[in-house]
Amino acid sequence: MTADLSTASAAPGDLEFVRRFVNTLDIEGGTDEFATPSEAAAWLDDRGSTLRVDRAGLEQLVEVREALRDLVWARGTEAEGDAVAAVDAIARRHPVVVRLSTPAVLAPSSRSGVDAVIERILGLVAAARIDGSWDRMKTCANDGCRWLYFDHSRNRSRTWCTMDLCGSRAKMRAYRSRGREAASTVRP
């Protein structure tokens, strides 16, 4: 989704890495930057994590990606408990440690490779939940999109990844629906 490159969707600081990680799957466009282990390794390499990704590592990355997308999507719904439990289960297998350097961070444990990437992501999510910025991370209300974006609006009311794409389409569907409803209530 090319519209995603705008600053309107970007998350602050390192949280942007998490947003881009989840958006490696473009549901609407049907593309997956993690389709193969080598593609996942190339994506990570472009972001400073040079490592080898095997099939098992790819499966772990995809599991984390989809669990985080579900966690954001389920916020405030009955599904939220299950989404939190899924991420917590992953976190138990990938613990992070506290580093009291300046600034203090939740960092990967002594692991390397894919485990370290997953731990970095979980540390960033935990820090964002603690400082409240995670609440501004949202998924597009279009179920065919579910793109992650950071809601920069003052009242946190943004609904769509972009108004140019999903928002515009939703408004057009609502307009047409109202037109059909009005036409069906008109009597000859």
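These legends describe close-up views of a predicted model. Local features need pLDDT of at least 70, side-chain atom pairs count only at pLDDT 80 or more, and totals for chains, interfaces and linings use all residues. Residues are numbered from 1 along each chain as its sequence is written, and side-chain values use heavy atoms, with hydrogens and water left out.

**View 1. The largest nonpolar core has 36 residues.** A nonpolar core is a set of buried Ala, Val, Leu, Ile, Met, Phe, Trp, Tyr and Cys residues joined through side-chain atoms within 4.5 Å. Buried means under 20% relative accessible area, exposed over 50%, and partly exposed in between (1.4 Å probe, protein chains only). Val53, Leu61, Leu68, Ile121 and Trp134 have the most contacts inside this core. At least two residues each come from helix 1 (15-22), helix 2 (37-46), helix 3 (55-73), helix 4 (80-93), helix 5 (114-131) and strand 6 (148-150). Helices (H or I, at least four residues) and strands (E, at least two) are DSSP runs, numbered from the N terminus. Helix 5 gives the most, with eight residues. A second, separate core of six residues includes Trp147, Tyr149, Cys161 and Cys166.

**View 2. Leu61 and its contacts.** Contact means heavy atoms within 4.5 Å. Not counting residues up to four places away in sequence, Leu61 touches Phe21, Phe34, Ala40, Leu44, Val53, Val114, Val117 and Ile118.

**View 3. Helix 5 and its packing partners.** Helix 5 has 18 residues and reaches 26 Å from first C-alpha to last, close to the 26 Å expected at 1.5 Å a residue. The expected span is 1.5 Å times one less than the number of residues. Its buried residues include Glu119, Ile121 and Gly123. These buried residues of helix 5 pack against helix 1, helix 2, helix 3, helix 4, strand 3 (96-99) and strand 4 (105-108). Gly132 follows helix 5, with a positive phi near 90°.

View 4. A polar atom of the Arg19 side chain lies 3.1 Å from the backbone oxygen of Ser9.

Methods:
Polar contact = N/O pair within 3.5 Å; in protein donor to acceptor, adjacent residues only side chain to side chain.
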